[in-house]
Every structure is written in structure tokens, then in C-alpha cells.
Amino acid sequence: MSDLQKLLSYREPVFNAPMAGAASGALAAAVATAGGVGMIGVPAATTQTWVDEQARMVCDLELP
């Protein structure tokens with residue numbers, strides 16, 4: 001296990017790219033559940049409500 005894996009507590013060396021408009025909370029949650037690091041891509045023109053909804057998909061997981 002690498003130092004980065006120990007620091008961030010992930011199992012698999014997989015990071016999804018935070019592609020604005022394509023990498024949603026659902027994708028970040030799926031990657032995190034599989035043991036990688038999931039990231040949410042936030043488009044330039046979005047609302048706080050959208051950000052909250054996407055983040056909730058990941059925050060509801062009981063993962064590091």
C-alpha cells in the first residue's frame with residue numbers, strides 16, 4: 001500500500017476525474033464504494049442546490 005493510499009484511506013489506486021457536468025455524485029459514490037477516490041465535477045453555471053444534492057450522494061456513504 002502506498003503512502004497516499006494510507007493517507008487518504010482508499011483501497012484501489014483508482015481516481016475518477018472531476019469532469020464538470022459528467023462526474024456526478026452518483027459516479028463519485030460508485031468509485032468510492034469500489035475502493036477508489038471519487039470526485040464530483042461542478043459545472044461553472046450551477047446552483048448550490050445541485051452541489052448539495054451531488055455531495056449528499058457521497059456523504060451518505062460510510063466511507064473515508
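Modeller: Happy to, so let's begin with Q5, which counts as buried because its relative accessibility is 11%. Buried here means under 20% relative accessible area, exposed means over 50%, and partly exposed covers what is in between, with a 1.4 Å probe and protein chains only. Please keep in mind that this is a predicted model, where local features need pLDDT of at least 70, side-chain atom pairs count only at pLDDT 80 or more, and totals for chains, interfaces and linings use all residues. Residues are numbered from 1 along each chain as its sequence is written, and side-chain values use heavy atoms, with hydrogens and water left out.

Q5 sits in helix α1, which covers residues 3-8. Helices are DSSP runs of H or I with at least four residues, strands are E runs of at least two, and both are numbered from the N terminus. Setting aside residues up to four places away in sequence, Q5 touches Y10, R11, E12 and P13; a contact means heavy atoms within 4.5 Å. For a sense of distance, Q5 and R56 are 51 residues apart in sequence, and their C-alpha atoms are 24 Å apart in space.

Y10 counts as buried because its relative accessibility is 7%. Y10 also forms an aromatic pair with F15, with 5.3 Å between the ring centres and 75 degrees between the planes, an edge-to-face arrangement. The rule takes rings of Phe, Tyr and Trp (its six-membered ring) whose centres lie within 6.5 Å, and calls planes under 30 degrees apart stacked, over 60 edge-to-face and the rest tilted. By that rule the count comes to one aromatic pair. F15 counts as partly exposed, because its relative accessibility is 39%.

P13, another residue that Q5 touches, belongs to the loop between α1 and α2. P13 is exposed, because its relative accessible area is 65%. The C-alpha atoms of P13 and V37 are separated by 8.0 Å, though the two residues are 24 apart along the chain. S9 is in the loop between α1 and α2 as well. S9 has a positive phi of about 60 degrees although it is not a glycine, and at 42% relative accessibility S9 counts as partly exposed.

Helix α2 (residues 25-33) and helix α3 (residues 48-59) pack at an angle of about 15 degrees, with their axes 8 Å apart. The axes are lines fitted to C-alpha atoms, for helices over the stretch in contact, and angles run from 0 to 180 degrees between N-to-C directions. α2 and α3 are therefore roughly parallel to each other, given that angles under 35 degrees count as roughly parallel, over 145 as roughly antiparallel, 65 to 115 as roughly perpendicular and the rest as oblique. From α2 the contact is made by G25, A26, A28 and A29, and from α3 by Q54, M57 and V58. These residues divide into five nonpolar, two polar and no charged, where Ala, Val, Leu, Ile, Met, Phe, Trp, Tyr, Cys and Pro count as nonpolar, Asp, Glu, Lys and Arg as charged, and the others, Gly among them, as polar.

V51 is also found in helix α3. V51 counts as partly exposed, because its relative accessibility is 26%. Beyond its neighbours within four places in sequence, V51 is in contact with V42 and T46.

Finally, here is the whole chain around that picture. The protein comes to three helices and zero strands, and buried residues make up 22% of its 64 residues. Its C-alpha trace spans about 40 × 20 × 15 Å along the principal axes. Of the contacts with a separation of 6 or more, 29% are between residues 24 or more positions apart.
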